[in-house]
Amino acid sequence: MSLHRYILTPQSAWATPLRSDTLAGLLLYRLAEDEGETALQAEITAFMEGRPPFVLSSAMPADTVFAPKLPPLPRKLFAGMAEQGCFCDASGRKLTLFEALSTFKTYRKKRFLPLCVWEKHRHRLSSAALFAEFCTHPQDWERPSATPHQEMHVTIARNSGAALDQGLFVSHSFWPAPGMRYHLYAQTSDSPALLERIRRIGVLGFGRDSSTGKGVFTIEEDTDFVPPKDDLPHGLLLSLLAAEDMCGLEGWYAVEVKTGKAGQGICGKNPYKSPFLSVHEGAVLTSLPKGPFVLQGLNANPDIVQITQPLLLPCKLDEEVDNA
């Protein structure tokens with residue numbers, strides 16, 4: 001399979017972040033609708049056998065990647081580098097230790113790394129080099145962001161169709177900034193077919209409240225993208241990662257407990273999935289756990305699975321990170 005990059009443009013508010021496992025599940029769901037149960041089971045079997053028909057990233061603002069979750073510098077090393085003038089502002093002025101620490105707090109909150117900075121440093125990733133770059137060019141980290149939005153709703157009684165007393169509740173969504181676009185990476189041997197399947201999801205909407213017009217987007221191939229050809233030993237995780245057995249996972253990463261809902265439930269069964277532990281996007285991994293990256297047993301319906309296939313961009317940790 002080859003690596004591709006797609007440009008995704010929101011056409012409405014989103015109520016659910018476009019993450020790799022959510023999108024993979026929707027692709028399988030639409031496949032079952034279009035081609036039937038046999039085609040669906042064939043793709044799930046391919047994932048189970050380590051032959052994924054596609055691998056997806058989560059969406060990230062255009063011209064960025066997820067910020068690498070590298071360890072912070074030891075205090076003595078940080079103070080020594082500040083004293084030596086390693087951290088300077090845009091004018092070249094050396095930052096004091098207090099200024100460097102204050103700037104570092106801002107830097108650590110950045111969820112995304114500019115693509116130009118990633119390309120410059122991915123052969124020798126280190127916290128010190130990335131932070132020094134941030135001190136000198138903080139404007140490169142600024143990107144249009146989505147605006148959180150709240151909507152008030154009233155619960156409607158199914159038997160009467162009337163509003164329930166004390167049935168007021170709030171739903172949360174976010175509006176992308178005007179002109180905001182996202183990048184989505186994919187590994188596939190048939191990019192046009194995969195792109196068409198994702199495009200159909202964009203027309204119908206994805207995630208919560210898609211029936212009311214949320215989650216709509218357009219998508220196209222990024223014809224300017226050139227996949228990296230170098231063979232580097234480590235990888236930046238652009239997707240959510242989980243496996244039945246996480247032994248063998250090595251690197252720098254953060255974890256989260258993820259929950260979800262499997263449609264409206266089947267035959268009266270609980271529609272909610274059991275929570276599971278996953279590795280967050282932005283991890284810098286030196287070793288992956290043994291697959292398959294398909295979670296089973298998350299719901300009372302045994303046919304429901306969660307696709308958590310990892311997608312990584314090649315990189316190499318600097319020796320300074322390895323020894324920190």
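**Helix H3 and its surroundings**

Good morning. The buried residues of helix H3 (residues 75–83) pack against helix H4 (97–108) and helix H6 (127–136); helices here are DSSP runs of H or I with at least four residues, strands are runs of E with at least two, and both are numbered from the N terminus. Contact means heavy atoms within 4.5 Å.

A word on the source: this is a predicted model, in which local features need pLDDT of at least 70, side-chain atom pairs count only at pLDDT 80 or more, and totals for chains, interfaces and linings use all residues. Residues are numbered from 1 along each chain as its sequence is written, and side-chain values use heavy atoms, with hydrogens and water left out.

Which residues of H3 are buried? They are Phe-78, Met-81 and Ala-82, where buried means under 20% relative accessible area and exposed over 50%, with partly exposed in between (1.4 Å probe, protein chains only). These residues cover an arc of only 100° around the axis, which puts them on the same side of H3; the arc is that of the directions from the helix axis to the C-beta atoms. On the other side of H3, Lys-76 and Glu-83 are exposed. After H3 comes Gly-85, with a positive phi near 85°.

I turn now to the sheet. Four strands form an open sheet in the order S11-S14-S10-S17, with antiparallel pairing; two strands pair if DSSP finds at least two bridges between them. Strands S11 (250–252) and S17 (312–315) stand at the edges, each with a single partner strand, so one side of each lacks a neighbour in the sheet. Between S11 and strand S14 (residues 284–287), the antiparallel pairing runs over three bridges. Gly-251 has Leu-285 in S14 as its bridge partner.
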